[in-house]
Amino acid sequence: MADKHPTPETAADEAGIRFDGGRAYRSTLDHGGRAHVDRALPFVILNRFDEGDTDSLARRVATMSSAYVVWPSNAECDRDALAAVDAIAAKLRETYPRILILSLYDLPRDESLEEESPRLESFTFRLSASGDPSAQAAAQCLEEALQSIEVDLRHPRISDISKAYFEPGIEERVGEGAALSHLSLGVPQNYRVPGEEGIYPQLLHDLAIGIFDALLQGFHAFYADISPKAPRHHRALGRSSFIAAARTVDRKLDAISSAFDFLLSVSPINSGQAYERFKASKWDAQPVFRYRPLTVDPEVEKRRLYDIDLRRVEDPVLENLFAQKRRELDQLLTMLQSRNTPNFRYSSLMLYGAVESSLLDSAQAILEEMEIEDEPECGREIVGAEAVQHAAEHLIGCYRDGDPDFIAHTSLREDIGPGLMVSGRNLLISTATRMQRRRVDALLQHEVSIHLLTFINGDAQGLKIFRTGLAGYEGIQEGLGVFAESAVGGLTIQRFRLLAARVIVVAAMIDGAGFIDCFHILRKEHGFGPRAAFGIVARVYRSGGLAKDAIYLRGFSTVLKMLSEGKDLTPFWFGKIAAHHVPVVEELELRGLLHRPRVTPEFLSRKDAQARIEKMRSQSGLARLI
């Protein structure tokens, strides 16, 4: 390309740049470097980097962008890069009257700093802009955004300079009056260890994210100045397609996540027999539980986990989601390593947290103030596992009628305790399951309309992490399940008391109480029958003590709070996400990386459920509901 010296009018065609079909243009330059244009937007970032510097902040920020050209600093690469810039600018000018070129570079280090110096590198940016109004608008917005960055309790100084930085050949192109605006931004080196080659990695990460967001704000100001079609939010200018590296990271994380079923791995396979032996001992002998052999070697999976290079993702939002998921998988594997040891309890606390005093108070209030109901005649009918399976298949069939891709399966299992469990697209039903018929719909709404539905919706997104679950998703997911039970009128007092009892037992377990102690607390102090008390305590003490069961009531409390604040629950139907991921989902949808949910919970269309949900909106939390 460089040898032919194409004119701007032919450069785009010769480079093969196309934005149709929703595919990004991505090209490796002949002598090193890369050009990437996600879609037609009126800007492109340039970075000419030192090949020996693997920790360049400017390069890292540039490659986060939806449009960039980066290349090593030598003459051959300069020619390739200029040809790519010509081609990209020509293509973008077919859509926009003016294009912004941003030259992003690393400022020189302070050579006066030594290894033992108490000072860091200067936290200063150098900003310059061409004289046209659009570039000036972008520069003003960018300067304000940069000033708002705070890293380690420090805010930067912005140095406005009249002499801009240009990569070789760029100044001539900007000066030719070819409808090109220009900004140059020198970025600080305060993430580097003074006097040596080391870096502060978290500081580098935080700086990159802050600078990139500031750049998007500047680009948005430029876009708004040249066109009435600028998007309403600056983050809509981020990546709108997943590069191959992001899909590779996602696939590797999913392979590790799918290699084991955590809940099956930590749940006993002999709950029924253990209960009968416990009963025969007159509730006095510690139950002995047996578990499945592990399907993975946690040490091997951890090595695989940390062999994944997240930095290749080139998107700070996705990199952060992947990093969170990696930490969570690490914690789950640690728990599998420590199964049936005292360390399991402490590992579970790291993942699920302790029981906060407000949640414990709510649980105690539920058990004290909600008296056990006298069952109406119509509520005493008990059904078994086959009837539950039949009802589940009917509900799944209703979803499939609306969306043929709603593929899910049910199976009866002898190796799990009484109740239901979702694993991927599979609804597992214990053969020991017996429940009131009036509870069947509520429980299936929990398992099918929340757990299965969000797996299937998440599977339809571009990344598998949305089906297996973003880190920390379980709390709100179980809260939504309880919300579904309440919406269809199936959150009975007995069910509410059971959720509260789980919180009580988790808190007692954390405080050092034993299995038998908790069993007798539920029986003597809270009126639970022996089988119900055993089931609650066995769930909490499985594998050495699992703090997970407190998340049901905590999650429901979170959902009630969101409803009372008028918040929309729609983001939770995109896939399995935590409450703090809602802004992330909204941003990724703005960028076109996530699609609207394929299906929504069917109970939301029921008139009686809508009335109950409106009533829940008037509650300010669990205390008001009680």
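Student: Why does Arg-502 count as buried?

Tutor: Arg-502 has a relative accessibility of 7%, and buried means under 20% relative accessible area, with exposed over 50% and partly exposed in between (1.4 Å probe, protein chains only), so Arg-502 counts as buried. Before we go on, note that this is a predicted model, in which local features need pLDDT of at least 70 and side-chain atom pairs count only at pLDDT 80 or more, while totals for chains, interfaces and linings use all residues. Residues are numbered from 1 along each chain as its sequence is written, and side-chain values use heavy atoms, with hydrogens and water left out.

Student: What makes the contact of Asp-549 and Arg-502 a salt bridge?

Tutor: The term requires a side-chain nitrogen of Lys or Arg within 4 Å of a carboxyl oxygen of Asp or Glu; the side chains of Asp-549 and Arg-502 meet at 3.8 Å, N to O, and this is a salt bridge. The pair links distant parts of the chain, with Asp-549 in the loop between α20 (530–541) and α21 (551–564) and Arg-502 in helix α18 (residues 493–510), 47 residues apart. Helices here are DSSP runs of H or I with at least four residues, strands are runs of E with at least two, and both are numbered from the N terminus. Asp-549 is buried as well, its relative accessible area being 0%.

Student: How do you know that Asp-315 and Arg-591 form a salt bridge, and which parts does the pair tie together?

Tutor: Their closest N and O atoms are 2.2 Å apart, and the contact is a salt bridge. Asp-315 lies in the loop between α10 (298–306) and α11 (316–337), and Arg-591 in the loop between α22 (582–590) and α23 (607–617), so the pair ties together parts that are 276 residues apart in sequence. Asp-315, at 3% relative accessible area, is buried, and Arg-591, at 5%, counts as buried too.

Student: How many salt bridges does a search of the whole structure find?

Tutor: The search finds 41 salt bridges, one of which joins the side chains of Asp-38 and Arg-39 at 2.8 Å, N to O; both of these residues are buried.

Student: Is Ala-532 buried or partly exposed?

Tutor: Ala-532, which has its place in helix α20, has a relative accessibility of 37% and therefore counts as partly exposed.

Student: What is noted about the phi of Glu-314?

Tutor: Phi of Glu-314 is near 60°, a positive value in a residue other than glycine. Glu-314 is found in the loop between α10 and α11 and, with a relative accessible area of 7%, is buried. Ser-543 also has a positive phi, of about 60°, although it is not a glycine; Ser-543 is found in the loop between α20 and α21 and counts as buried at 1%.

Student: How does the reach of helix α13 compare with what is expected?

Tutor: Helix α13 (residues 357–369) has 13 residues and reaches 18 Å from its first C-alpha to its last, close to the 18 Å expected at 1.5 Å a residue, where the expected span is 1.5 Å times one less than the number of residues. Buried residues in α13 include Leu-359, Ile-366 and Leu-367.

Student: How much of the protein is buried?

Tutor: Buried residues make up 56% of the 626 residues in the protein, which has 24 helices and 13 strands.
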